Amino acid sequence: MADYAVVIMSAAARHCGGARVSAGQLADETGLPAPTVQKLVSKLTGAGLLRSSRGVGGGLKLARPPAAISIADIVEAIEGPIALTACLEQGKHDCTLEGACTTQPHWPPVNAALRSALAQVSLVQFVEEVE
C-alpha cells in the first residue's frame, strides 16, 4: 500500500499551487480503485501529509510543499516505522528465534540506513519528468 500512497501523493503534488483535488479525481488520474484511494487518503490526512476540507472549493491539498515531504514520510504514514525486521518494534514478540538470534543487535543500523535513504528522496522528484 505504501507504493500506492506514493502514487497518490505524486498525483496530488501535480496539483500543488492549484485547486484542491478530490479522492475521486486522484483515483481517476492514478487508475487506482476509489476505495483504495479513499483508505490511503484517510491515512495520509491523519499523518498530516494531506489537508482535507469540505464544502464548495473543498477537497485535498498537500499539507507541505512537495520538496518538504520525503518518501520516508509517506511510507511511515502507511506502514509505520521503516524497518526490514519487525522484531525490533516495541511489543512485537512473534519471532521463533527471539532470545537466541545473533543478528538482532545488528539490524538497527541497517534500518536507520534504509530510513535515511528514503528520507533523502523528496516527493518533488516523483513529480518531475524523467528524461
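**Legends to close-up views of a predicted model**

**View 1. Overall architecture of the protein.** The protein has 6 helices and 2 strands (DSSP runs numbered from the N terminus, helices being H or I of at least four residues and strands E of at least two). The model is predicted: local features need pLDDT of at least 70 and side-chain atom pairs count only at pLDDT 80 or more, while totals for chains, interfaces and linings use all residues. Residues are numbered from 1 along each chain as its sequence is written, and side-chain values use heavy atoms, with hydrogens and water left out. Read from the N terminus, the order of elements is α-α-α-β-β-α-α-α. Along the principal axes, the C-alpha atoms occupy a box of roughly 60 × 35 × 25 Å. Of the 131 residues, 31% are buried (under 20% relative accessible area, with exposed meaning over 50% and partly exposed in between; 1.4 Å probe, protein chains only).

**View 2. The packing of helices H1 and H2.** Helix H1 (residues 2-14) and helix H2 (residues 23-30) pack at about 105°, and their axes lie 10 Å apart (lines fitted to C-alpha atoms, for helices over the stretch in contact, with angles from 0 to 180 degrees between N-to-C directions). H1 is therefore roughly perpendicular to H2 (65 to 115 degrees; under 35 counts as roughly parallel, over 145 as roughly antiparallel and the rest as oblique). Val7, Ile8, Ala11 and Ala12 of H1 make the contact with Leu26, Glu29 and Thr30 of H2 (heavy atoms within 4.5 Å). By class, these residues comprise 5 nonpolar, 1 polar and 1 charged (Ala, Val, Leu, Ile, Met, Phe, Trp, Tyr, Cys and Pro are nonpolar, Asp, Glu, Lys and Arg charged, and the others, Gly among them, polar).

**View 3. The crossing of helices H3 and H4.** The axes of helix H3 (residues 34-46) and helix H4 (residues 71-79) come within 9 Å and cross at roughly 110°. H3 and H4 are therefore roughly perpendicular to each other. Leu40, Lys43 and Leu44 in H3 meet Ile74, Ala77 and Ile78 in H4. This contact contains 5 nonpolar residues, 1 charged residue and no polar ones.

**View 4. The surroundings of Ser70.** Ser70 lies in the loop between strand S2 (59-62) and H4. Its relative accessibility is 8%, so Ser70 counts as buried. Apart from neighbours within four places in sequence, Ser70 is in contact with Leu118, Ala119, Val121 and Ser122.
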